[in-house]
Amino acid sequence: MNERNLPEHIGVFDRQQIKDMQGSKYVQSYSADALFHAADLVKKGIPVLFSGTPCQIAGLDALLAGHPDNLITVDFVCHGAPSPGVFSSYLTELGKNHDGVPVKTFRFRDKRLGWKNFSTVAVFQDEQVESGTQTTDPFMRGFLNNLYLRPSCHACHVRGTNSAADITMGDLWGAQQVYPDKDDDRGLSLILVHTERGRRFLDECESLKLFPVDDLNLFKRFNPSIFEPATAHPKREKFFAIYHKRGFESATIARLLAPPGRFERACNRIRHLPKAILRRLPLGKRAEEQ
Ligand SMILES: Cc1cc2nc3c(=O)[nH]c(=O)nc-3n(C[C@H](O)[C@H](O)[C@H](O)COP(=O)(O)OP(=O)(O)OC[C@H]3O[C@@H](n4cnc5c(N)ncnc54)[C@H](O)[C@@H]3O)c2cc1C
């Protein structure tokens with residue numbers, strides 16, 4: 001994370017520095033500089049491993065007009081990336097609610113409550129800590145409900161078997177049901193190998209404990225992002241209309257994601273009524289067919 005608490009790609013040249021990259025950040029990362037640097041190194045014949053979202057990997061291939069042998073690319077199963085502006089605004093709200101003390105660091109995937117019940121942790125400048133879960137942290141709720149993913153994420157076509165990467169990594173959500181004996185709630189990753197180069201690379205990673213997944217389709221209902229882009233929440237536009245006026249407010253998330261009340265349900269029914277009635281009328285049927 002950079003000094004503004006936003007994810008930014010960096011290049012590292014020894015093992016020690018890898019820890020600076022670790023941890024999923026559920027925000028669109030800034031990758032332009034790193035993409036150009038990586039492309040330069042690759043052109044000079046230096047071996048490079050580049051990791052990022054599927055679209056960032058596709059971008060690197062486009063920059064290089066191909067996929068040279070000294071480049072290994074790793075993307076991840078991507079639900080979509082939230083807007084960095086929305087995340088920054090959320091951090092501002094957290095600071096305001098904490099007597100104006102700004103957030104120093106924010107972690108999205110703390111595993112102290114386990115891998116499945118992952119939690120967020122905000123550490124403030126005064127070293128106080130506030131944590132939430134994927135169901136109570138308002139930013140995570142909005143993210144997982146597709147309220148503020150980038151618009152392009154909803155039309156993503158570079159995932160799954162269309163990935164441009166050598167290897168795709170993700171969470172093996174559903175392991176509890178499909179491979180209960182392998183699940184110790186410390187985290188199981190899914191690795192998809194797309195190319196021969198990716199296969200050779202994986203074979204060299206001797207310390208990994210691997211087991212084959214017989215049928216990837218079994219995981220579809222647990223991790224749909226492997227196969228298809230997320231659909232925008234019907235209230236996405238409403239969220240942005242409010243956000244542009246007032247910034248991120250946890251109360252807005254709670255209101256927009258609350259189950260529809262009686263009034264909203266009645267309005268929805270009325271909104272769908274004319275079509276239903278029309279469909280029943282022979283005249284309406286003909287009009288719809290035309
Ligand atoms: C926006 C986003 C959406 C995701 N959606 C899903 C999903 O729907 N299903 C699923 O199975 N997995 C998803 N993942 C991947 C999942 O979070 C990781 O596979 C898992 O947490 C790996 O954990 P780890 O501790 O093994 O590795 P980590 O140490 O968390 O490694 C993650 C790698 O991704 C890089 N990275 C982190 N954040 C970003 C970012 N914003 N942009 C580019 N690169 C980044 C890190 O630098 C690191 O190399 C998503 C990740 C992101 C960033």
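Colleague: What distance separates the centres of domain 1 and domain 2, taken over C-alpha atoms?

Modeller: This is a predicted model. The domain assignment gives domain 1 as 15–79 + 152–226 and domain 2 as 84–148 + 233–250. Taken over C-alpha atoms, the centres of domain 1 and domain 2 are separated by 25 Å.

Colleague: Which residues of domain 1 lose the most area to domain 2?

Modeller: The contact draws 16 residues from domain 1 and 16 residues from domain 2. About 1,500 Å² is buried between the two domains, and carbon and sulfur atoms give 64% of that area. On the side of domain 1, 41% of the buried area comes together from the residues that lose the most, namely Tyr26, His79 and Asp185.

Colleague: Which atom of the ligand lies 2.8 Å from an N or O atom in the side chain of asparagine 223?

Modeller: Asparagine 223 is among the residues that come nearest to the ligand, as are Lys25, Val27, Val77 and Asp171. Lysine 25 places a backbone N or O atom 2.8 Å from a ligand nitrogen, and serine 29 has a polar side-chain atom 3.2 Å from a nitrogen of the ligand. For the side chain of asparagine 223, the ligand atom at 2.8 Å is an oxygen.

Colleague: How much of the accessible area of the ligand does the protein cover?

Modeller: The shell around the ligand comprises six nonpolar, 14 polar and four charged residues. Of the 920 Å² of accessible area that the ligand has on its own, the protein covers 82%.

Colleague: Which elements give two or more residues to that shell around the ligand?

Modeller: Asp171 is one of the residues that come nearest to the ligand, and strand S6 spans 167–171. The elements that give two or more residues to the shell are strand S6 and strand S1 (48–52).

Note on methods. Residues are numbered from 1 along each chain as its sequence is written. This is a predicted model: local features need pLDDT of at least 70, side-chain atom pairs count only at pLDDT 80 or more; totals for chains, interfaces and linings use all residues. Side-chain values use heavy atoms; hydrogens and water are left out. A residue is near a molecule or strand if one of its heavy atoms lies within 4 Å of it. A polar contact is a pair of N or O atoms within 3.5 Å; within protein, one must be able to donate a hydrogen and the other to accept it, and residues adjacent in sequence count only if both atoms are side-chain atoms. Accessible areas come from the Shrake-Rupley method with a 1.4 Å probe; for residues, only the protein chains shown count as cover. Helices (H or I, at least four residues) and strands (E, at least two) are DSSP runs, numbered from the N terminus. Ala, Val, Leu, Ile, Met, Phe, Trp, Tyr, Cys and Pro count as nonpolar, Asp, Glu, Lys and Arg as charged, and the others, Gly among them, as polar. Domain bounds come from an automatic or database domain assignment. Contact means heavy atoms within 4.5 Å. Buried area is the accessible area (1.4 Å probe) that two parts lose on being put together, summed over both.
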